[in-house]
Structures are given as structure tokens and as C-alpha cells.
Amino acid sequence: MNMKHILLVDDVLTNLKCESLILKDKYKVTTARSGREALECLENVVPDLVLLDIIMKDMDGYEVMKHMKKNPETSRIPVILLTADTERENEEKALAMGAIDFIRKPVDSKMLLGRIEAVWNMEEQTEWEWVE
């Protein structure tokens, strides 16, 4: 069985390290320190899931997700948005834009792994019908 591949995007190095430690034993993890770096990475690699921080300096997670959804190569990659933001409207915006989940920081390791597993289970149980 192939190891699932996750692209982890966060502009805070400490967050990247902590989240990578949580994921590295179960998944192949590629990291990006900015929205632009994430989009460049997606030109060469198609991960099974993107864990994407919303609040970043150069390009926020919403902007990265907009670019991903416009590109046929990346439009179907599930995205889980991560944020320290507590505003309910932002969670609604993220889900309306097509994020599959929304996780608040600080990230709890069991919860993060559980949410990722839920994405894989949902994909296995559902025949996705994509409307173009």
C-alpha cells in the first residue's frame, strides 16, 4: 500500500515542525513556507491532501485555495484549512470555497490524524461525481 502524501503549508516554522512530527510516521509530508511556495510545489507534485494555513504573509490560504480550484490538475485535491482565527464566518467561508474541513490551532495530534483519516474514509466510501 502506498503511503498517502500530504502537502503542509504554514509560514511559521514552529507550526510546520510540530505538524510534520504529528504526520511523518503515517504519511509522506512535503512542506511549504508560503502560499507561493505551495503553488510552485503543486506544479510538480500532486499530493493526496493539502493542510493549508489561512493566515500567511505573502498569500493567504483562501488565495492559495482559489488558485488550486481554478487549476484542473489541483482542483480535486482535498484541502483542510488550519487557523488560529476563531471567527465563525471564516470557517463558513472556507467550507463555501470548497475546503473539506477547518481545524483551529493549536492542533491536537489525535484530532488532526482523525480528521485526515475521515477524509480518506469519505473518499473510499463515495464515488465522487464532479460537476465541471
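Reader: Leaving aside neighbours within four places in sequence, which residues is Asp11 in contact with?

Author: Arg33, Asp53, Ile55, Met56 and Lys57. Contact means heavy atoms within 4.5 Å.

Reader: What kind of model is this?

Author: A predicted model: local features need pLDDT of at least 70, side-chain atom pairs count only at pLDDT 80 or more, and totals for chains, interfaces and linings use all residues. Residues are numbered from 1 along each chain as its sequence is written, and side-chain values use heavy atoms, with hydrogens and water left out.

Reader: OK. Where is Asp11 found?

Author: In the loop between E1 and H1. Helices (H or I, at least four residues) and strands (E, at least two) are DSSP runs, numbered from the N terminus.

Reader: Is Asp11 buried or exposed?

Author: Asp11 has a relative accessible area of 13%, so it is buried. The cut-offs: buried is under 20% relative accessible area, exposed over 50%, partly exposed in between (1.4 Å probe, protein chains only).

Reader: What lies 3.1 Å from a polar atom of its side chain?

Author: The backbone nitrogen of Lys57. That is a polar contact: a pair of N or O atoms within 3.5 Å; within protein, one must be able to donate a hydrogen and the other to accept it, and residues adjacent in sequence count only if both atoms are side-chain atoms.

Reader: Next, Asp58. Where is it found?

Author: In the loop between E3 and H3. Asp58 is partly exposed, at 36% relative accessible area.

Reader: Which backbone nitrogen does its side chain reach at 3.3 Å?

Author: That of Gly35. The backbone nitrogen of Arg36 also lies 3.3 Å from a polar atom of the Asp58 side chain.

Reader: On to H2. Which residues there are buried?

Author: Gly35, Ala38, Leu39, Cys41 and Leu42. Down the H2 axis they fall within an arc of 160°, so they line one face of the helix. The arc is taken from the directions from the helix axis to the C-beta atoms.

Reader: What does the face turned away from the buried side carry?

Author: The exposed residues Glu43 and Asn44.

Reader: And what do the buried residues of H2 pack against?

Author: E1, strand E2 (28–32) and H3.

Reader: H3, then. Which residues are buried?

Author: In H3 (residues 61–70), they are Gly61, Tyr62, Val64, Met65 and Met68. They also fall within an arc of 160° seen down the axis, so they line one face of H3. They pack against helix H2 (35–44), strand E3 (49–53), strand E4 (79–83) and helix H4 (88–96).

Reader: What happens at the start of H3?

Author: A side-chain oxygen of Asp60 comes to within 3.1 Å of the Tyr62 backbone nitrogen.

Reader: Which charged end sits over the ring of Tyr62?

Author: That of Lys93, 4.0 Å from the ring centre. The test is NZ of Lys or CZ of Arg within 6 Å of the ring centre and within 35 degrees of the ring normal. Lys4 sits over the ring of Trp120 in this way, 4.6 Å from its centre.

Reader: Cores now. Which residues of the largest nonpolar core touch the most other members?

Author: Of its 22 residues, Leu7, Val9, Val50, Leu52, Met68 and Leu81. Strand E1 (5–9), H2, E3, H3 and E4 each give two or more residues to this core. A nonpolar core is a set of buried Ala, Val, Leu, Ile, Met, Phe, Trp, Tyr and Cys residues joined through side-chain atoms within 4.5 Å.

Reader: What does the second, separate core include?

Author: Leu8, Leu16, Val107 and Ile116 are among its 15 residues.
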